[in-house]
Amino acid sequence: MLIDILTLFPEMFDGPFDHSIIKRAIEREIVKIKLHNIRDHGVGKHKVVDDYPYGGGEGMVMMPEPLHNSLKTLNIDKDTPVVLLTPQGRKFDQKTADDLAKHKRLVFICGRYEGVDERVRQHMVTDEISIGDYVISGGELAVMVVVDGIIRRLPGALGAEIEQDSMMNGLLEFPQYTRPAQYEQWEVPPVLLSGNHAEIAKWRRQQSIERTAVRRPDLLKNAELSASERQYIEDEMKDK
Ligand code: SAM
C-alpha cells in the first residue's frame with residue numbers, strides 16, 4: 001500500500017511512524033508512506049497557503065489552490081480514496097479501517113487553522129473522516145491515528161493477536177493477565193491457569209460479551225453473537 005499524506009507540518013511525523021508495528025510494516029515493504037508539504041505549492045513568492053474567510057470571522061482558511069496543485073502532482077487514479085481529516089466527517093471505526101485497508105493507495109489531507117476552503121470538500125476529496133466528536137488543532141495527529149488503524153489490518157503487519165483485539169468481532173476484548181499469578185493480594189482468575197483451553201475460551205467469550213454489554217452496549221447491535229448469547233444478554237445483563 002502507498003499512503004500519501006498532504007500536510008503543512010511533515011516534521012510532526014518524525015517519530016510516530018518510526019517505531020514498532022508501523023516501522024516494521026515499512027521495513028517489510030508492506031506499506032510506503034510519503035509526506036508532501038502543502039507549502040511547496042503555496043501561492044506567490046511567500047508560498048501562502050491560507051487567507052481570511054470571506055464574510056468575516058476569526059482565523060484563517062486553507063486556500064484551494066495549494067491543495068489542488070499538491071494533489072495534481074500525485075497522479076492519483078479515480079479509484080484512490082482522497083480523504084480529508086475533519087471533525088465534520090464520518091467517525092473513524094474498525095469497519096472504516098478495514099475498508100480503507102483494502103485499497104492499494106490512499107491519500108490523506110491534513111487541515112489546519114479554521115479548516116479548508118469548502119471547494120476542497122466539494123471537488124477534491126472522496127471521503128471525510130473524523131477521529132471523534134472533539135476538535136484538535138490539525139489533521140496530523142488525526143491521520144496518525146487513522147493510518148495506524150489501517151496498517152494494523154494489512155496482511156503481514158501483525159501476528160496472530162489481531163483476531164482477538166477489541167472491535168474485531170464487534171465486541172470488546174476480554175480481560176488480559178500476565179505473570180505473576182498473584183500480585184499483592186490480587187489474583188489471576190483460576191480458569192486462566194487451568195490449562196483447559198475449552199474452558200478458557202468459554203470464559204473469555206463470556207467476559208467479552210459481559211464487558212461489552214456493560215461498557216459499550218451500543219456495539220451489541222452489530223456484534224457477531226449467537227441466538228443463545230443474545231438471549232443471555234437479554235436475561236442476565238439487563239440490570240447491570
Ligand atoms: N473549524 C473547523 C470545524 O469546525 O470543522 C475545525 C478546524 S480544526 C481547528 C483544524 C483541522 O484539524 C481540521 O481542518 C482537521 O483537519 C483537523 N481536525 C480537528 N479535529 C478533528 C477531528 N475530530 N477529526 C479529524 N480531524 C480533525
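The second largest pocket in this predicted model holds about 400 Å³, a volume being the space filled by probe spheres set on grid points joined across faces, edges and corners. Here a pocket is an open set of points on a 1 Å grid over the protein atoms alone, where a 1.4 Å probe fits, with protein on both sides within 12 Å along at least five of seven lines; lining residues have an atom within 4 Å of a point. The lining takes in 23 residues, with L85, T86, P87, V135 and I136 closest to the centre. Strand β5 is the top contributor, giving five residues.

Local features need pLDDT of at least 70 and side-chain atom pairs 80 or more, while totals for chains, interfaces and linings use all residues. Numbering starts from 1 along each chain, and side-chain values rest on heavy atoms, with hydrogens and water left out.

This is also where the ligand sits, meaning that more than half of its atoms lie within 2 Å of the pocket's grid points. Around the ligand are 20 residues, and L85, Q88, G111, I131 and Y134 come closest; to count, a residue needs a heavy atom within 4 Å. As for polar contacts (N or O pairs within 3.5 Å), ligand nitrogen atoms lie 3.1 Å from a polar backbone atom of E114, 3.1 Å from one of G132 and 3.4 Å from a backbone N or O of T86. On its own the ligand exposes 570 Å², of which the protein buries 85%, by the Shrake-Rupley method with a 1.4 Å probe.

How values were computed. Helices (H or I, at least four residues) and strands (E, at least two) are DSSP runs, numbered from the N terminus. A polar contact is a pair of N or O atoms within 3.5 Å; within protein, one must be able to donate a hydrogen and the other to accept it, and residues adjacent in sequence count only if both atoms are side-chain atoms.
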